[in-house]
Amino acid sequence: MNELITLIEATALAGIGGTGLGGVIGALFKRDSKKTASLLLSFAGGVMIAIVCFDLIVSAIETKTNIFIVSAGICLGVLVVYLLNFIIDRRTNHEVNHINTSHPQTADDLDELIHSNHLSAHIEKNDTRFSLFIAGLIMACAIALHNVPEGMTIGASFVNSGSALQGSALVLAVLIGLHNIPEGMAIAVPLINGGIKRRKAIFLTALAGTPTILGAIIGYLIGDMGALGLALSLSFASGAMLYVTFGEILPQSILMYRSKLPAFSVIAGILVGLIVIYV
């Protein structure tokens, strides 16, 4: 039980702390630096790629579970997050004017990625409380799609390394906290611009990080079921994170700051990840 409490505390700091800090920054400045957010996202994405590919997946294989089961777990993680993202986008994209058939097949700003722009559109139109509630719920679901698998990687890494305060589990917790800062800014800024008080916006932003804790608990409980459970937890979380990284974070970082720097930032992140794993 003490181990689980430690895991929850570490994940809460990464999830709630990271988004909450982003909310505070957004509330204070009411603007964000696309260049800084892009490089932060791409660097975090690079480290995540290294940890997923050279640590989590390798650890899943080392449980002596059949490689096809590990591969199936990775594919399942990718498929689940993709389908949930597809359903949310399909049902909500018509609400925002510029999202149409000519729009890129990926979000071109952080507020699109987490659907906070949909909530802003409802606020600007002075829609009913019910409409605002539904828009907020959709935003919460979109955020959860990114935060739950992130939490699962921390939980699975915790079981694999035996501690949330060492190894890849600690690195992932720090990385996810950093990654959540620009995400928190993207949540808070449109809320404040839409008329919500700063304190309430910061509170709602911090609250958006709670799905990370749920993911960590799921990853921990599945991973603690034995070799097969650990392999499934590691592979599913790895697949989900690979999709979030390659399908969301990296395209997002490049669209936010169109230059070669995000690519170099990803490479730097991968190298840092390798150093963390093997040093």
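Guide: Threonine 153 touches Leu56, Leu172, Ile176, Ala237 and Met241, leaving aside residues up to four places away in sequence. Contact here means heavy atoms within 4.5 Å. The model is predicted, so local features need pLDDT of at least 70 and side-chain atom pairs count only at pLDDT 80 or more, while totals for chains, interfaces and linings use all residues. Residues are numbered from 1 along each chain as its sequence is written, and side-chain values use heavy atoms, with hydrogens and water left out.

Visitor: Where does threonine 153 lie, and is threonine 153 buried or exposed?

Guide: Threonine 153 is in helix α6, residues 129-161. Its relative accessible area is 2%; buried means under 20%, exposed over 50% and partly exposed in between, with a 1.4 Å probe and protein chains only. Threonine 153 is therefore buried.

Visitor: How many helices and strands does the chain have, and how do you know what counts as one?

Guide: The chain has 11 helices and zero strands. Both are DSSP runs numbered from the N terminus: helices are H or I with at least four residues, strands are E with at least two. In sequence order the pattern is α-α-α-α-α-α-α-α-α-α-α.

Visitor: What makes a set of residues a nonpolar core?

Guide: A nonpolar core is a set of buried Ala, Val, Leu, Ile, Met, Phe, Trp, Tyr and Cys residues joined through side-chain atoms within 4.5 Å. The largest such core has 35 residues, and Leu7, Ile51 and Leu175 have the most contacts inside it. Elements giving two or more residues to this core are α1 (2-29), α2 (34-62), α3 (67-92), α6, α7 (167-193), α9 (211-223) and α10 (227-256). The most comes from α2, with 10 residues. A second, separate core of seven residues includes Ile143, Ile187, Ile192 and Ala201.

Visitor: How do you know what span to expect for α9?

Guide: The expected span of a helix is 1.5 Å times one less than its number of residues. For the 13 residues of α9 that should be 18 Å, and the end C-alpha atoms are 18 Å apart, so the two agree. The buried residues of α9 include Pro211, Ile213 and Tyr220.

Visitor: Where are the kinks in α2 and α10?

Guide: The kink in α2 is about 35° and centred on valine 52. The kink in α10 is also about 35°, centred on threonine 245. The bend at a residue is the angle between axes fitted to the seven residues ending there and the seven starting there.

Visitor: Why is the pair of tyrosine 82 and tyrosine 243 given the class that it has?

Guide: Rings of Phe, Tyr and Trp (its six-membered ring) pair if their centres lie within 6.5 Å; planes under 30 degrees apart count as stacked, over 60 as edge-to-face and the rest as tilted. Tyrosine 82 and tyrosine 243 are 6.0 Å centre to centre with 75° between the planes, and the pair is edge-to-face. Tyrosine 82 is in helix α3 and tyrosine 243 in helix α10, 161 residues apart. At 38% relative accessible area tyrosine 82 is partly exposed, whereas tyrosine 243, at 17%, is buried. Ring pairs link Tyr82, Phe86 and Tyr243 into a cluster.

Visitor: What makes the phi of lysine 64 worth a remark?

Guide: Most residues other than glycine have a negative phi. Lysine 64 has a positive phi, near 70°. Lysine 64 is in the loop between α2 and α3 and counts as exposed because its relative accessibility is 77%.
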